[in-house]
Amino acid sequence: MGLRGVSIIGIGSTPFGILEGRTLKEMATVACNEAIKDAGVERSQIQAFYIGNYIAGMILGQETIAALVVNSLGLNREIPSTKVEGACSSASIALRQGHLLVATGVYDIVLVAGVEKMTSASTEKVTQALASSIDMETEGLTGLTFPGYWALIAQRHMYEFGTTIEQLGMVSVKNHNNAVFNPRARFRDPTTLDEVMSSRLITDPLKLFDCCPVADGAAAAVLCAAEMAEDFTKKPVDIIGIAQTTGYSSLYEQAQLVTLPATVSAAKKAFEMAKLKPEDIDVVELHDCFTPAEIVDAEDLGFFEKGKGGWAVEEGITQVDGRLPINASGGLISKGHPVGATGLGQAYEIVKQLRGEHENQIKGAEIGLTHNAGGTGAVCCVNILKRR
Ligand SMILES: CC(C)(COP(=O)(O)OP(=O)(O)OC[C@H]1O[C@@H](n2cnc3c(N)ncnc32)[C@H](O)[C@@H]1OP(=O)(O)O)[C@@H](O)C(=O)NCCC(=O)NCCS
């Protein structure tokens, strides 16, 4: 079956951070209303709604979020509303479901969103909830959590390729310094390598500044058939590559510790669909939940040879003025990682870049990529977006 082109015609986002007093429902409503207004669509034109969320059931006791938000937005109750979950990839799955419905011609206009409220719970409770994406019959029984998971990968990457602790720290410095410009970021103070290196040890070799913080936030987008996009906006952004793949639910099952197979396969599919190569990408938002993740992901996406990612950071290639700017938004490390919202938060940042409207603008950016990984690399979504 031939698929139709699909465009993003509207985007919305709350800031990511400690949004005290703002509820899950309110944040999702704000982001969706902004996206609807930005797209210039009538509420009655929206034909389906998907929302990503990961841990609200566990930490807030709130489920059936999609219907909750449809009611809050005052959308037509005859439309289907669906929550999707794929750990930290949940919002990207919502985007992909919306894409499929429009691409196959089932609907013309679909609203997609992602939301998470984390900071009202203790770090212990959030850590336990996040770890629920690890296979609880095997590796989960060891007490492994995500800072531990990425510390293991970092140790192996350093052992195999000579990646240095300083190179990990440089990812943090870059992303903190990028977030200075981003009003949606949780941490907007610049930092230095000394400050990163002397921050509190979390799981060796990762320090506090190597870890993304928990955050509250929501993001949303309005999708429509590409042929209709210019009826609504002068600046449509086309989804030219989109893929979701499945990896392992435990680290011990992977053949190698230094690569996430779901990222490799999602990138391959997205690049094939877009008929592009990694060197065609102008700007990237990828899943830097911990500093080694940025290095491993950039290699797995095909931007650098395996083992060379740390050196690419050291050489400044991934800086805003470098050959391949990565996480100009501040990334998960500084912008924050409200897990169920992150994927659409990344899409929001890339759409702003491609419209030429970003606060930390990459000059002349035409094609952008988002990479969003969930759990132990169990889910991965890669999207390639292009300005018209
Ligand atoms: C690293 C972690 C354990 C720290 O939690 P914690 O010990 O409770 O520490 P806090 O969040 O209270 O932070 C302590 C301080 O450091 C600051 N801080 C935390 N992370 C920071 C960062 N990345 N950059 C700058 N400052 C940071 C906080 O603002 C806080 O400052 P304050 O004392 O002035 O208020 C927690 O943030 C964490 O688990 N992160 C990873 C989350 C995760 O796994 N997500 C899914 C990934 S796939």
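Predicted model: local features only at pLDDT ≥ 70, side-chain atom pairs only at ≥ 80, totals over all residues.
**Cavity and pocket close-ups**

**View 1. Helices and residue classes around the largest cavity.** At least two residues of the lining of the largest cavity are supplied by each of helix 13 (331-335) and helix 14 (342-355), and helix 14 provides the largest share, with 4 residues. When the lining of the largest cavity is divided by class, 7 residues are polar, 3 are nonpolar and 3 are charged.

**View 2. The centre of the largest pocket.** The largest pocket holds about 810 Å³ of space. Its lining is made up of 35 residues, of which Cys211, Cys212, Pro213, Val214 and Phe290 are the closest to the centre of the pocket.

**View 3. Helices that contribute to the largest pocket.** The elements giving two or more residues to the lining of the largest pocket are helix 5 (123-130), helix 6 (146-161) and helix 11 (291-300). Of the elements in this lining, helix 5 contributes the largest share, which comes to 5 residues.

**View 4. Residue classes in the largest pocket.** Divided by class, the lining of the largest pocket has 23 nonpolar residues, together with 8 that are polar and 4 that are charged.

Notes: Residues numbered from 1 in each chain as written. Heavy atoms only, no water. 1 Å grid on protein atoms, 1.4 Å probe; cavity = no way out; pocket = protein on both sides within 12 Å on 5 of 7 lines; lining within 4 Å. Points joined across faces, edges and corners; volume = space filled by probe spheres on them. Nonpolar A, V, L, I, M, F, W, Y, C, P; charged D, E, K, R; others polar.
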